[in-house]
Amino acid sequence: MVRRACGHPDAAARNHNHCPMKPVSLTELQDLLGKLRISFNPGALAQAHAHVLHTAAEARPLYQLRKLLADAGLKDIQVTILPWRRLDPRRLPALIWEQEHWWLAERQANGQLLLSRAGTTARECPEDALHDAHVIWLRGQPQSQAGDTSQPQGNPALRLVLHELLRERGWIARVVVATLMVNLLSIPTSIFAMQVYDRVIPTMAYATLATLSVGMLLMIGLDWLLKTLRAHILDSVASGADQRLSQQVYEHLLRLQLDQQPRSLGSLAAQVGALDSVRQFFSSTIIFGLVDLPFALLFIALIGVIGGHIGWVYAALLPVAVLLGLYTRLRLRRLTHQQMLRSNERQGLLVDTIRGAETIRASNAGWRFAQDWQTLSQSIAGYSIQQKALAHFSGTTTGSLSTLAYVAAIVVGVWQVEAGNLTMGGMIACSILGGRVIAPIAQGVQYLVHWQQVSESLQMVNRLLTLTPERRVEQTLLMPDRLPDALAVEQLRFAFPGSPLQLLNIPKLHVRSGERVLLLGPVGGGKSTLLKVLAGLYRPSEGRVRLGDADLWEIDPQIVSAQVGYLPQNVQLFKGTLRSNLALSGAVSDSTMLETVSALGLDQIAAGSPQGMDMEISEGGEGLSGGQRQLVGMARVLMARPRVWLLDEPTASLDGDAEARVWQQLKAQLQPEDILIVSTHRPMTAIGLATRVIVLQQGEISRDGRPDQVIPGLMARAAGAAHAAPAPHATTVRLEQVQVTTARQALPAFPAQTPTIRPDTAKAQE
Ligand SMILES: Nc1ncnc2c1ncn2[C@@H]1O[C@H](COP(=O)(O)OP(=O)(O)OP(=O)(O)O)[C@@H](O)[C@H]1O
């Protein structure tokens, strides 16, 4: 059995603050970076390590590490220190402080934990022995505010675009035939010029000229018609594909597993918006250039036939132009990527600014936001100038190359004429055909440059499309016809993707039909997260949620949402009317709505507006107070009449009367077999309903029992905490530790079990 950290069983609790953790040695750090395949400069790392030990020896380990890594040029590394029990076990390897040393902790193929350090033999270690030990966790890919920068697997966005474009293939044949004819029609133009110079001018044969001119007029008319038809076909295909594409991406967004969604709104909006530039690319006229490109080869061959060596001049232009396009694309790659990241960040900042306008104004924080905006805008402008310069360079160089090719063709043509291999007319025909070679090649270069931007947009859409939907497409969903008689979790663990912090760790919880549970716990204890997992909004990282006899994630989501009613902590309203916001899914009768509205006192709002229930609610739910929003949310759940009620602080923004009305309504509507789980910081107001109290601390259930078993203990603890506080600060301590609702309701405090790494754990959720 491994000794607990620092030898003493209780030492772990004090570990971070009192038991001196040695700074991580250079070898230990190198081992971890090596395991994580993060490349680093050994010299710079050694130098930074020595420097930090020298200059910041007294600093906290987290600060030391961050400084050290930044000094060694590893600025993008995410560093976290957290207790072992809060580490998502899937996030190994990490360094663990055990027996007064840092060990490299890895998971072996057999699932066992292996601890190793230089100079000792690696050993397996039982995990429960490490419960309170501390862990240093690093990752090379931070979840930056600009969104997840990792490259998604595959290219589903491109597949989707091509699938939609090629859904009906009939248009391809029509476009190919039109393109073929448009290109073939350009040959007579050169033959016309050849004939005029070689036959008409020497003999002044006006009749021939007239016949040729009429022929050319017909050609021009046909060419115009074919080009217009081709554009029309491509436009209608692109517009149909566009509608279907945006619908599919939007529906994918609606079906996403919620815990997978990018946390930055800017990124999410950018990912959805990126589809536009992809679609524009595929439906733009640049595609014509591509279609014409194979004909450039045909024309080069034709020039070779008519003008001999002149063909080589145009043949040489092709590889030079391709190389130029590829070079520009390569140089653009980093610039486009960085510019998009910064643009996403700026979009996120804009959303935050609009949503938080009042707070920004009230806190006089405008200057900070303005500064951030300026920094981002400067950075975007910098990238944009470089991009434009590159695009300009490739455009101008292609233009100059084309002119050069034209001049070279004339010079070679003169030699050919002098040698008697070419007539004047042939030379003119070659230069006309040369124009047909140059145009698609120049467009091809632009295509390569433009494609870099489009492929960046494709990556963004890919990031969205590769996020897991809440149910697999091929999954056969269960449709139980009986109402569930229990809600349970087994071996539940939950962490957000990419985060090392395990927010829930509940080996077993079983709530039976008819139980009324109060879910208590300190701020950030995990109550809301648990309710979301129970409601099927967040998928457990490990373990199962059972609704009745079935795994909740196997059941048809429509049945889940009909049987499980969830009231979020922050009720969201949408643009529309009060009525449309109350009946979000639309399946509510007017009488049920009116009954609920008047029972909750919401009818007062409608009565105060000339439009009554049709009063307008603007975007983001502006127009209603915080309490009124909460009542609207409560009304939604009451009208849904679910079997399982999951309410997250349903009365937090309400006054006494409104709160009483809510509990009264709830009591009246709850059926004896219904399951109720209410999270609250004001348990005394709901205690009359409760048959069971569960206390959640740091994601674990610390108490579970009847109210009379749990509440007195919490009260005593709260009173003890208040009593123990020094007199001059008594008020402060009481307010911080004890949630006071009304004068008669001083409620239990929830001091953290292990008050260890406060600032750092907060960082862990970055
Ligand atoms: N979207 C998120 N991404 C990352 N971490 C999150 C996210 N939402 C919540 N958390 C973290 O999960 C932890 C638990 O949060 P949760 O909202 O479940 O707590 P709570 O017990 O409901 O708190 P409160 O009483 O304040 O409502 C917190 O530490 C919080 O920082």
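Visitor: How many residues does helix 3 have, and how far does it reach?
Guide: Helix 3 (residues 42-55) has 14 residues and reaches 20 Å from first C-alpha to last. That is close to the 20 Å expected at 1.5 Å a residue. The expected span is 1.5 Å times one less than the number of residues. Helices here are DSSP runs of H or I with at least four residues, strands are E runs of at least two, and both are numbered from the N terminus.

Visitor: What kind of model is this?
Guide: This is a predicted model: local features need pLDDT of at least 70, side-chain atom pairs count only at pLDDT 80 or more, and totals for chains, interfaces and linings use all residues. Residues are numbered from 1 along each chain as its sequence is written.

Visitor: Back to helix 3. Which of its residues are buried?
Guide: Leu-45, Ala-48, His-49 and Val-52 are buried in helix 3. They cover an arc of only 105° around the axis, which puts them on the same side of helix 3. The arc is that of the directions from the helix axis to the C-beta atoms. A residue is buried if 20 or more other C-beta atoms lie within 10 Å of its own, exposed if 12 or fewer, and partly exposed in between, with C-beta atoms placed from the backbone.

Visitor: What do those buried residues pack against?
Guide: They pack against helix 2 (26-35) and helix 4 (61-71). Two residues are in contact if their C-beta atoms, placed from the backbone, lie within 7 Å.

Visitor: And which exposed residues sit on the face turned away?
Guide: Gly-43, Ala-50, His-54 and Thr-55.

Visitor: New topic. Which residues come nearest the ligand?
Guide: Val-523, Gly-524, Lys-527, Ser-528 and Thr-529 come nearest, of the 13 residues around the ligand. Near means that a residue's C-beta atom, placed from the backbone, lies within 6 Å of the molecule.

Visitor: What classes make up that shell?
Guide: The shell has three nonpolar, eight polar and two charged residues. Ala, Val, Leu, Ile, Met, Phe, Trp, Tyr, Cys and Pro count as nonpolar, Asp, Glu, Lys and Arg as charged, and the others, Gly among them, as polar.

Visitor: How many bridges hold strand 10 and strand 11?
Guide: Strand 10 (residues 542-547) pairs with strand 11 over two bridges. Asp-551 in strand 11 is the bridge partner of Arg-546.

Visitor: What about strand 15: how many of its residues are buried?
Guide: Five of the five residues of strand 15 (residues 644-648) are buried. Val-644, Leu-646 and Asp-648 lie on one side, Trp-645 and Leu-647 on the other. Both faces are covered.

Visitor: Parallel or antiparallel: how does strand 15 pair with strand 12?
Guide: Strand 12 (residues 564-567) and strand 15 pair in the parallel sense, over four bridges. Leu-647 in strand 15 is the bridge partner of Leu-567. Strand 15 also runs parallel to strand 16 (residues 675-679), joined by five bridges. There, Ser-679 in strand 16 partners Asp-648.

Visitor: Where is the cis peptide bond?
Guide: The cis bond joins Leu-92 and Pro-93, with omega about 5°. Pro-93 is in the loop between strand 1 (78-83) and strand 2 (94-98).

Visitor: Last one. What does Leu-689 touch?
Guide: Leu-689 touches Arg-516, Trp-663 and Lys-667, not counting residues up to four places away in sequence. Leu-689 lies in the loop between helix 21 (683-686) and strand 17.

Definitions and conventions: Pairing = 2+ DSSP bridges.
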